[in-house]
Amino acid sequence: MRVRAVVAGALAVVVAGLVITLSHRAPRDAGSDHIVPAMFSATLPKGGELCQANPYLPPEAATAQILVGTYGRPVPALGLRFLDPTGAVVSSGRLPAGAPEGTVSIPISRATDPGRAAKLCLTVAGHSKVVVGGLGIPLDPTAEFVNGTQQNGRISVVYYRAGEESWWSLLGVLDQRFGLGKAGFFGDWTLPACFVLLLACWALVVRLLIGAGDETPPGAGGRGGTGGRGGAGQP
Amino acid sequence: MIARARRQLGRVPRAGWLVFLVAFVNAAIWTAVIPPFQVPDETGHFAYAQYVAQTGKPPPEGPLVQFSPQEYTALANLFFFDVIGHNQERGVITPAEQSSLRASLATDPSPVGPGGMSSITNQPPLYYALAAIPYWLSPSHDILARLEFMRLLSAVLAGLTVLATFLFVREVFPSIPWAPTVGGLVVAFQPQFAFISSGVQGDSLLFFASAATFLALIRAYRHGLTRRRGVWIGLATAIGLLGKLTFVAFVPGIAVCLALIVWRSGRAGRRDAPVAPARTGPGVLTRRAAAIGAGIAAAVAAVPVAAYGALNATVWHRGGPTGGGFAGAATVAAPGQQAITLRDTLDYTWELVLPKLPFMNHAYFGYSPLRQVFFNGAIGRFGWLDYSFPARVYTLAQDAFVVLAVLALVGLWRSRRELLGVWPMAVGFAVMALGLVGAIGYIGIRYLMSTGVPFEQARYLFPLLPIYAVFVVLVSRAAPRRWAPALGAGLVILAMAHGLFAELLTISRYYG
């Protein structure tokens with residue numbers, strides 16, 4: 001009876017904690033260009049423009065996050081455009097001047113055909129030099145161009161979905177992502193299957209705990225017992 | 001022999017098998033939660049196993065490329081090198097990236113690499129030979145499918161570790177029916193254990209061999225060191241020694257345990273005989289019979305290890321009997337610095353777990369490794385040590401641990417009569433634990449001096465998981481007798497919650 005009460009109470013606390021955790025709202029990741037901002041890989045002079053090949057623009061991207069350094073001054077206005085192979089704008093955004101240096105989020109318009117975004121261009125307004133976080137890479141077709149000159153680097157861009165979302169509202173997305181990047185037999189079924197298996201596991205544990213708690217030690221009657229085996233088979 | 005083994009397995013209580021099942025399923029869920037190669041060193045462990053599977057021998061360890069072209073292709077297209085160490089980075093999370101991954105693997109890069117030297121290749125090959133079985137049993141030759149099947153082997157080993165822990169606790173507390181279930185389950189849901197056991201990782205076999213050794217030793221103590229039990233001890237030791245070199249640290253402690261068992265044999269009926277069921281205990285055998293059992297244990301452990309050494313030196317040409325396994329441990333000085341002395345090593349080892357004393361001439365850590373590395377690491381540092389719980393969780397856990405430690409002392413006092421019967425084994429197990437800490441310190445200072453990077457991780461203490469299970473049972477025993485199972489059940493639910501939130505953290509890290 002005591003075991004049942006403790007188990008029920010503890011499970012109720014866990015469920016409450018779970019609900020609170022999954023209800024937490026925050027900006028959620030939409031993807032990235034898989035470049036780690038390990039260094040400042042590009043220096044843009046005032047009024048400069050950086051362009052680089054863009055392998056992928058997530059359809060649900062609402063903001064693009066980049067790492068910007070301005071030597072202590074406020075970040076000047078930044079413009080970001082995603083262009084298709086013909087040079088037409090697929091999506092664009094602008095960050096007004098005045099943000100503190102560091103990681104900045106540039107709101108971008110929803111792309112009608114994000115699959116066509118082949119290039120991104122970052123423009124810096126104002127009168128101050130700006131450095132952008134990314135990686136140093138060899139001169140290859142993916143390397144950045146600053147004011148038309150190719151350089152050994154590539155900037156990091158991380159995309160975020162619109163607004164703040166709870167994990168509940170992201171469940172469908174998580175379900176899809178969970179099946180990717182793994183063995184081919186994994187898919188959308190995997191996350192729900194894991195959840196069901198975990199529930200089954202927990203149910204079995206509860207049964208085990210209640211069963212074990214109900215067992216009476218042989219010759220129970222004192223601390224320490226006298227060396228029985230608690231009903232288990234003698235090996 | 002097989003029939004006897006089956007009879008032995010048939011005597012495992014139903015609860016033991018259910019606890020095994022829970023541990024296996026929990027680790028199997030983790031195998032799906034963790035993206036490929038995101039368990040520490042999984043790239044190297046997989047490469048070793050793939051080399052064994054493809055060539056039938058351990059890697060030659062030359063200054064060659066470490067992985068197969070197939071593994072390099074998979075790693076590049078999983079964005080592995082961008083994801084590890086950068087918790088804001090995700091791997092493959094979009095259909096476009098998935099298509100690109102599939103297209104690159106469809107080019108059929110070779111699964112056979114040159115077997116170049118890595119931090120893993122100097123290990124003995126038993127785990128990798130076992131991992132080669134699911135590698136070939138996988139219905140698909142796709143590298144990620146094979147990886148998943150190999151991960152399930154680790155999950156099975158996690159289940160076996162927990163089963164051995166269950167049986168160990170049952171031997172320590174034979175009169176407490178709920179103790180093995182509680183002890184086994186808290187280990188099963190320990191998130192760092194489940195996380196490591198979800199990857200292709202040689203530690204899985206080390207954990208199992210360690211738990212099996214603890215079990216075999218306590219059984220030999222409780223019921224007599226017969227020849228058969230000597231064989232079990234020898235087998236568990238051989239599996240450990242051929243599974244991971246870390247197990248060498250246990251050998252002095254195992255020897256002490258065997259010596260104590262032999263010494264205590266022939267004492268049936270004496271006042272200090274162990275509290276155990278009638279006609280059991282080391283006293284049921286003569287000292288000579290127990291000594292024969294100990295000799296058999298030593299022989300069963302030594303023969304396969306000697307064979308491995310001979311194969312290394314003569315057939316596989318891996319640079320000597322140990323295959324370079326102790327090359328790191330043989331470092332006598334850091335590059336351009338003075339030699340690492342025994343005193344340095346002892347100071348370092350001491351400071352790993354205790355505060356520096358005034359006469360110690362070097363402060364190796366600007367933090368407490370016991371708290372920051374081992375304790376916090378056991379609470380949870382996942383991936384390639386690149387994501388953790390929020391800081392307040394560790395503070396809360398440390399406070400809770402203080403309470404649990406006090407309760408464990410109360411439980412120890414309440415269990416004193418029962419535990420008095422196994423005190424010689426407690427001595428032997430303490431030597432095993434000291435050996436492990438000593439080995440971590442010995443390697444740690446050399447690693448730190450030669451690379452500048454700390455060596456220690458919480459999982460290096462996980463061969464002591466059966467002791468952790470005993471600790472939790474002692475905590476539960478602090479409660480009045482009728483409430484003890486309830487407190488134990490509460491601790492299991494706490495462990496389950498800990499595991500669940502670790503999985504949620506992992507899902508947010510890689511997919512959120």
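Q: Leaving aside its neighbours within four places in sequence, which residues is Leu217(B) in contact with?
A: Contacts of this kind are read from C-beta atoms that lie within 7 Å, and in this predicted model Leu217(B), once neighbours within four places in sequence are left aside, is in contact with Ile233(B), Ile254(B), Cys257(B), Met425(B) and Gly428(B).

Q: Which residues touch the most other members of the largest nonpolar core?
A: A nonpolar core joins buried residues through their C-beta atoms, and the largest one here has 174 residues, of which Val19(B), Ala49(B), Ala131(B), Leu185(B), Val186(B), Leu217(B) and Val492(B) touch the most other members. Helix α8 of chain B, residues 143-172, gives the most to this core, with 18 residues. Apart from it lies another core, of 30 residues, which includes Leu50(A), Leu67(A), Val124(A) and Tyr159(A).

Q: How many residues does each chain bring to the contact between chains A and B?
A: The size of an interface is often given as the accessible area lost when the parts come together. Counted by residues, the contact takes 54 from chain A and 63 from chain B. On the side of chain A that touches chain B, the elements giving two or more residues are α1, β1, α2 and α3 of chain A, and α3(A) provides the largest share, 12 residues. By class, that side has 30 nonpolar, 16 polar and eight charged residues.

Q: In what order do the six strands of the open sheet in chain A lie?
A: The order is β6-β5-β8-β3-β10-β11, with antiparallel pairing, and the edge strands, β6 (89-95) and β11 (149-150) of chain A, each pair on one side only. Two bridges join β10(A) to β11(A), and Phe145(A) stands opposite Gln150(A) in β11(A).

Conventions: Residues are numbered from 1 along each chain as its sequence is written. Chains are lettered from A and ligands numbered from 1 in the order in which they are written. This is a predicted model: local features need pLDDT of at least 70, side-chain atom pairs count only at pLDDT 80 or more; totals for chains, interfaces and linings use all residues. Two strands pair if DSSP finds at least two bridges between them. Helices (H or I, at least four residues) and strands (E, at least two) are DSSP runs, numbered from the N terminus. Two residues are in contact if their C-beta atoms, placed from the backbone, lie within 7 Å. Ala, Val, Leu, Ile, Met, Phe, Trp, Tyr, Cys and Pro count as nonpolar, Asp, Glu, Lys and Arg as charged, and the others, Gly among them, as polar. A nonpolar core is a set of buried Ala, Val, Leu, Ile, Met, Phe, Trp, Tyr and Cys residues joined through C-beta atoms within 7 Å. A residue is buried if 20 or more other C-beta atoms lie within 10 Å of its own, exposed if 12 or fewer, and partly exposed in between; C-beta atoms are placed from the backbone.
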